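The sequence and the model are shown first, and the description follows.

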Amino acid sequence: MKKNLQTLASIVLSALLLASCGKSMDAPATPEKKDNADKVLTFIHSLGFSQNSIVDNGNAYIVDEDICFPKDMEVPEGKPSTEQKWIGNKLTAANAMNIRIKVDPSMASMMPEINSAINQWNNIGGDIALHFSIVTGSPYDILIKDSDLGTTCGLGAYPSGGKAGNLIQIHKAHIAGYDFAHRQRTITHEMGHTISFTHTNEAGGQLIPGTPVTEASSLMNGHECGVGVTVLSDYDKIAARWLY
Ligand SMILES: [Zn+2]
């Protein structure tokens, strides 16, 4: 019975989390919810993001246009330690080895691009324990779906509670005109956010030891949809190995 309750609780929680990066449902905020949202905002500021890079979309704060911080996310305790860049909140080792992606039917036509993106992260090489796979049912960790994001190509959620960010939204119509390499780049980039990468070329986040402050050939550069590099750079890979 207790187990059933736990299962039910986790289903309800997953449903809540999945809703959180979408557009606002405008549910009245409880004091607890507002309290956590304030903590999330303080956390975002503590990472060095400027106020004008933060947009409140109701259930989440969107930072640097394509990074989603759900207002109900679990904020890491303590100050981020100082030193590509990451959010200071990553997957547990066990979760990093088993990141399950569910592809919403709305993204089924981009399976080749999704598989190409998965191959990039799964084939970094060297001393790393990171593995994505596609699952068709539940449980899963990340849902990838098509969303009308205006002029934004994609949106990736940050990790929370030791798990990968649970939602990747791709603006399919917006990237449809790009070549295959750039369509898969958008997906590879958003996957990077779900495992805690921030933008290499922007303020915010913590610098990963052994990587430069900025790098033109990083796939994790922001605002480069359709024009940026299409394969993970050597420093992107060094950063991934440092994280996992
Ligand atoms: Zn991004």
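Are Phe49 and Phe69 buried or exposed? In this predicted model, both Phe49 and Phe69 are buried.

## Aromatic pairs

The model holds five aromatic pairs. One of them joins Phe43 and Phe69: the ring centres lie 6.3 Å apart and the planes meet at 75°, so the pair is classed as edge-to-face. Phe43 is buried, as is Phe69.

Phe69 also takes part in an edge-to-face pair with Phe49, with a centre-to-centre distance of 6.3 Å and an angle of 70° between the planes. Here too distant parts of the chain are linked: Phe49 lies in the loop between helix 2 and strand 1 (54-56), 20 residues from Phe69 in strand 3. Together with Tyr158, the residues Phe43, Phe49 and Phe69 make up one aromatic cluster.

## Charges over rings

Two lysines are placed over tyrosine rings. Lys71 lies over the face of Tyr61, at 5.0 Å from the ring centre. The charged end of Lys90 is positioned over the ring of Tyr244, 5.5 Å from its centre.

## Parallel strands

Strand 7 (residues 142-146) pairs with strand 5 (residues 99-103) in the parallel sense, over three bridges. Within this pairing, Lys102 has Leu143 of strand 7 as its bridge partner.

Strand 7 is also joined to strand 9 (residues 167-170), by four bridges, and these two strands run parallel. The bridge partner of Asp146 in strand 9 is Ile170.

In soluble globular proteins, nonpolar side chains tend to be buried together. The largest nonpolar core of this model has 34 residues, and those touching the most other members are Trp121, Leu130, Phe132, Ile144, Met191 and Ile195. Two or more residues of this core come from each of strand 5, helix 4 (111-122), strand 7, strand 9, helix 6 (180-194) and helix 7. Helix 4 provides the largest share, four residues.

Which residues does Leu130 touch, leaving aside those up to four places away in sequence? On that basis, Leu130 is in contact with Ala96, Met97, Ile99, Trp121, Asn122, Ile124, Ile195 and Tyr244.

Thr211 is found in the loop between strand 10 (206-207) and helix 7 (234-243). Why does Thr211 count as buried? Its relative accessibility is 10%, and the term buried applies to values under 20%; therefore Thr211 is placed in the buried class.

The side chain of Thr211 has polar contacts with the backbone at two places. One is the backbone nitrogen of Gln84, reached at 3.1 Å. The other is the backbone oxygen of Ile208, which lies 2.7 Å from a polar atom of the Thr211 side chain. When residues up to four places away in sequence are not counted, Thr211 touches Gln84, Tyr235, Ile238 and Ala239.

Note on methods: Residues numbered from 1 in each chain as written. Predicted model: local features only at pLDDT ≥ 70, side-chain atom pairs only at ≥ 80, totals over all residues. Heavy atoms only, no water. Pairing = 2+ DSSP bridges. Phe/Tyr/Trp six-rings, centres within 6.5 Å; stacked < 30°, edge-to-face > 60°. Buried < 20%, exposed > 50% of the residue type's maximum accessible area, 1.4 Å probe, protein only. Lys NZ or Arg CZ within 6 Å of the ring centre and 35° of its normal. Polar contact = N/O pair within 3.5 Å; in protein donor to acceptor, adjacent residues only side chain to side chain. Contact = heavy atoms within 4.5 Å. Core = buried A, V, L, I, M, F, W, Y, C linked by side-chain atoms within 4.5 Å.
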